[in-house]
Amino acid sequence: MKNILFGFAFALASIAPASAQTAADCTPGAYRAPGGDFVVLAKAPNIPAPGLRYLFRDGRRGATTDAGVPLACSGDAVTVGGARWARIAFRETPATFDSVGTKMNGVLIEPPGAPDAKRPLVVMVHGSERTSPIGGVYGYAMAAHGISVFVYDKRGTGGSDGEYTQNFQLLADDAAHALEQARSMAAGRFGRAGFFGGSQGGWVAPLAATRTKADFVAIGFGLVASPIEEDREQMVSEVRAAGLGDDAVALVDRLSAATAKLVMSNFTAGYEDLDAVRREMADKPWAAKIDGEYSGDIVRMTDDELRRIGRARFDNVELIWDYDAVAALRKLDTPLLWVLAGEDREAPIETTRAALLDLAKAGKPFDVYLFPDTDHGMVEYTTAADGSRSATRITDGYLKLLGDWIRGDVHGTYGRAEHLTATPGPDASRR
């Protein structure tokens, strides 16, 4: 499915613009301030060399080639606000492992210092991207929190063999094998071990935790709703954002039902229902702007096109359209952190929030947090007159919450985060 993958550049500090030479001097990695803060520098597909993506722990983000970049690079250090931040000497060990007959590629990132048998170990479960997460900002950011991190290429991407897929069952097997590989590589140097999943990882990581021993699962801006429900909720969000009422919601409900019948039948059934919706939408000026995940594209194609190429266009990655995430979560007795973006247009939270709170009330060891005024990726944004959004930064407190929760050290406040579960999360002894 579509996914926003933190591709937003910005600079908030006011210092002299970076020169091309300064950008060329920057080395990927994480850099720690004397007081414990950190910034991560990493290559990014959308930033031309020699530029790097930067990400501060407080969520400020951009490119080293931006005007007004709030850091300067020099060898194995960066300068931020006149202070020298030294590069963290991570231990990085490449790895290959087998999953369902497929060779997978990964790397274990460990913080410096003596082996620590109490250090958490986390496997990063990716979203729907096709780019390699190895060497990305999130692996280094997690490691900068004092956590050992195993990052691997999704099958069919980066250095991993196989075909790219969005089959959650297969991806969960891959994640489970990745955790087994990470445990083997870090033997004697970790305590709790589990998963972190962002976006699509919210479907995959909990399922993986039912297939191998996991001591915790952390999810950022993921979904409990199925892909079909996600599509519907996106369209409802779009019509609500346009100021439309219940009649428009009812119409997109009918559109969602028609397109669901198409995708669930491999594009052999549902055409009469879709044609009826098209007739209802014909005199609605707003209908041309409806997108969802896939329904907007489907309704604007002809029946002949859908019969010929619909499956190849929309169902070529083995997506489980009606995936029952709640069933997987009911099997899970592992402590789980779920962080919601309060105004998520990519993955609307209504169904997900309700399901998680119901499970928590039923006794599941689930912690649910919500960051208000954030969109997919936990990004803050500005809104234009036409309703479109421009991301500004990752919200302050999100990265720290992830690191503290995984380390079993949740305390104080995390930006503007709201803790939605009635009781505190499980203590470190249960993770």
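Visitor: Why is P70 called buried?
Guide: Buried means under 20% relative accessible area, exposed over 50%, partly exposed in between, with a 1.4 Å probe and protein chains only. P70 has a relative accessible area of 4%, so P70 counts as buried. The model is predicted: local features need pLDDT of at least 70, side-chain atom pairs count only at pLDDT 80 or more, and totals for chains, interfaces and linings use all residues. Residues are numbered from 1 along each chain as its sequence is written, and side-chain values use heavy atoms, leaving out hydrogens and water.

Visitor: Where is P70 placed?
Guide: P70 sits in the loop between β4 (61–63) and β5 (72–74); strands are DSSP runs of E, at least two residues, and helices are runs of H or I, at least four, numbered from the N terminus. From P70 to V80 is ten residues in sequence and 6.4 Å in space, C-alpha to C-alpha.

Visitor: What makes a set of residues a nonpolar core?
Guide: Its members are buried Ala, Val, Leu, Ile, Met, Phe, Trp, Tyr and Cys residues joined through side-chain atoms within 4.5 Å. The largest such core has 80 residues, and F150, F195, I298, L306 and L329 touch the most other members. Helix α6 (residues 246–264) gives the largest share, nine residues. Another core, apart from this one, has 40 residues, including V151, F196, L337 and Y369.

Visitor: Which residues is F150 in contact with, beyond its neighbours within four places in sequence?
Guide: Contact means heavy atoms within 4.5 Å. Among the residues F150 contacts are A95, F97, V122, M124, Q181 and M185.
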